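Student: Hey, can we go through how some helices pack in this one? I'd like to take it a pair at a time.
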Amino acid sequence: MLRGGVCLLDEGNRMNEKSWASLAPLFDQRRYVESIVAGITLSAHPDFRAAVTMNQDESTYEVPDYILSRLQPTLQLGFPGKQDEMAILQYHLPFAEPQMLAMTVEFLQQSHQLKLDFSPRDGINLLRYAMKRLAQDPTHPVAKDAVWREALEKCLGDDALDIEAAAQRRARTLGGDSVPLGLGDFFFDPDDPLHPDREEDEEE
């Protein structure tokens, strides 16, 4: 900030509003930060720039509108395509089995199409697990398929074993968005007959 560099604030929406408020003058025409406790004001260099990354999940805070208006332009980045995802996995795991790489990329691409949250990082983790397990018994006749499926379950949970069913449950529960449909969703399964928002005309 003082010398004209670029600040990358990673996962900015994990900060609370109080932290954002202290940075608000830095992101508008005032271009400074101040410490009331220390009694000082620090002005930003004319060449100073800042970029903020944000993820969308349940563990993040909502960024105040007065901050969002200062963070322009906004670029939406989705998941990588098949070739890019393969390149990412090969870069991090150059010794991974080609068959397991292909299975992992195919799984990730399907999960992206179904709007599930499995990421390339998840793919790296499950491949690492599978490679370690495969090294224990490389002669097993179905080792690769069995070990990859075990890695899928152990690293990503039961939902990863049937991503189409997981996507359907997510759509019913969240209405396709990241916000629950109502208070009942916090306390009842979507198929529970006691759910207050359950459709009465559904076929039993």
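Student: Which residues of helix 3 meet helix 4?

Tutor: This is a predicted model, and in it Lys82, Glu85, Met86, Leu89 and Gln90 of helix 3 do the meeting. On the helix 4 side you'll find Leu101, Ala102, Thr104, Val105, Glu106, Leu108, Gln109 and His112.

Student: How do those residues divide into nonpolar, polar and charged?

Tutor: Six are nonpolar, four polar and three charged.

Student: And at what angle do the axes of helix 3 and helix 4 cross?

Tutor: Roughly 135°, and the axes come within 10 Å. Helix 3 and helix 4 are therefore oblique to each other. Their crossing is right-handed.

Student: OK, switching to helix 5. How does helix 3 cross that one?

Tutor: Those two axes cross at roughly 45° and come within 10 Å. That makes helix 3 oblique to helix 5. Helix 3 passes helix 5 in a right-handed crossing.

Student: Which residues make the contact?

Tutor: From helix 3, it's Glu85, Ile88, Leu89 and His92. Helix 5 brings Pro120, Gly123, Ile124 and Leu127. Five of the contact residues are nonpolar, two are polar and one is charged.

Student: Which residues of helix 5 are buried?

Tutor: Pro120, Asp122, Gly123, Ile124, Leu126, Leu127, Ala130 and Leu134.

Student: Last one: what should helix 5 span, going by its residues?

Tutor: It has 17 residues, 120-136, so at 1.5 Å a residue it should span 24 Å. The end C-alpha atoms are 25 Å apart, which agrees.

Notes: Residues are numbered from 1 along each chain as its sequence is written. This is a predicted model: local features need pLDDT of at least 70, side-chain atom pairs count only at pLDDT 80 or more; totals for chains, interfaces and linings use all residues. Side-chain values use heavy atoms; hydrogens and water are left out. Helices (H or I, at least four residues) and strands (E, at least two) are DSSP runs, numbered from the N terminus. The expected span of a helix is 1.5 Å times one less than its number of residues. Buried means under 20% relative accessible area, exposed over 50%, partly exposed in between (1.4 Å probe, protein chains only). Axes are lines fitted to C-alpha atoms, for helices over the stretch in contact, and angles run from 0 to 180 degrees between N-to-C directions. Angles under 35 degrees count as roughly parallel, over 145 as roughly antiparallel, 65 to 115 as roughly perpendicular and the rest as oblique. A crossing is left-handed if the near helix is turned anticlockwise from the far one by less than a right angle, and right-handed if clockwise. Contact means heavy atoms within 4.5 Å. Ala, Val, Leu, Ile, Met, Phe, Trp, Tyr, Cys and Pro count as nonpolar, Asp, Glu, Lys and Arg as charged, and the others, Gly among them, as polar.
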